[in-house]
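Trainee: Can you walk me through this one? I have not looked at it before.
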Amino acid sequence: MFLDHAEIYVSAGRGGNGAVAFRREKYVPKGGPAGGNGGEGGSVWVVANENLNTLLDFRYKKKYHADNGGEGGTSLKDGRKADDIIIQLPVGTIVRDSGTDEVIVDLTQHGMKYCIARGGKGGKGNSNFATPTNQAPRYAEPGRPGEERHVSLELKLIADIGLVGFPNAGKSTLISTISAARPKIADYPFTTLEPNLGIVRFKEFASLTVADIPGIIEGASEGKGLGLQFLRHIERTKVLCVMVDASSETPKEDFKVLLRELKTYSEELSKKKMLLAFSKSDLIDDSTKKKLSKITSKKFIHTPIVFSAATGENIPGLLELFWDSVHD
């Protein structure tokens, strides 16, 4: 199950208290302060993991507590530093403070690591407070509390190409043809209910990532259909591919509607590099294919490409276009 938003609570551990102790050694008659320092409390870290693609785990576990630091001991023994908590998140997750909505960290690369709640410092033992005028201090510092906060997690998939189109435009069929992704495919609208990410092998040692989001319909910006709740997943894509069913009675009007809905959602999104692709070419004749390939628009960086994922027609050309547009 795909989940792209979650709320969690994190709390770092408290630092251990410093100790008040004195030496009691046989050959050191006057002794002296020997209280050790408290250990640091555990911190809470988030780490980006490219092998994860959902926030589903955080539906069931919403609270994360790190352990407190150990208490200072006698004979100048410091308390144990508590272990940190590591929370694994998908690449593309934005971590925000729920109270202020401030972005704490944006995990855009695999392996990125950030501390979102720092453990409290351990208190100093009485051995730290000895002076010539106070050689036997009988006080020590308490440990400091760790940070705690409510955090919101928002996942935005990171891909080279984002597929945008009406329901049943063939996006899922395309991504299943060019990658190992296996989204649900059926002959009814809104088959895709969650975003899919596919890795496309290109030539020998290159690859592209392609994101397929649920279909958009006219009026989606007003809440019709699935609305625009999944468009956040193509905000980070380098290029958008607007896919239109070539067998549609109004293909020109179809892509205009899609462009309008994208602009309604985000002005920045509508300014991204875009390609226009007509799918299901196996359902139209050659004269219609020629007409579609000659459609021009200032919004698109290349002339339209007409293809069929079912028969494989023009798929190599489509992948070449994807590669060139991403690396242009």
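Trainee: What covers the buried residues of α3?
Mentor: The cover includes β9 (161–165), β12 (239–245), α4 (267–270), β13 (273–279) and α5 (286–293). Contact means heavy atoms within 4.5 Å, and buried means under 20% relative accessible area with a 1.4 Å probe, protein chains only. Helices (H or I, at least four residues) and strands (E, at least two) are DSSP runs, numbered from the N terminus.
Trainee: Where does the model come from?
Mentor: It is a predicted model, where local features need pLDDT of at least 70, side-chain atom pairs count only at pLDDT 80 or more, and totals for chains, interfaces and linings use all residues. Residues are numbered from 1 along each chain as its sequence is written, and side-chain values use heavy atoms, leaving out hydrogens and water.
Trainee: Back to α3, which residues are buried?
Mentor: Pro251, Asp254, Phe255, Val257, Leu258, Leu259, Glu261 and Leu262.
Trainee: New topic. What is the strand order in the open sheet?
Mentor: The order of the five strands is β3-β1-β8-β5-β6, with mixed pairing. Two strands pair if DSSP finds at least two bridges between them.
Trainee: Why is one side of β3 and of β6 left without a neighbour in the sheet?
Mentor: Because β3 (63–65) and β6 (103–107) stand at the edges, each with a single partner strand.
Trainee: How many bridges join β5 to β6?
Mentor: Four, and the two strands run antiparallel. Ile94 stands opposite Asp106 in β6.
Trainee: And how many between β1 and β8?
Mentor: Seven, also in the antiparallel sense; His5 has Glu154 as its bridge partner in β8.

Methods:
Buried < 20%, exposed > 50% of the residue type's maximum accessible area, 1.4 Å probe, protein only.
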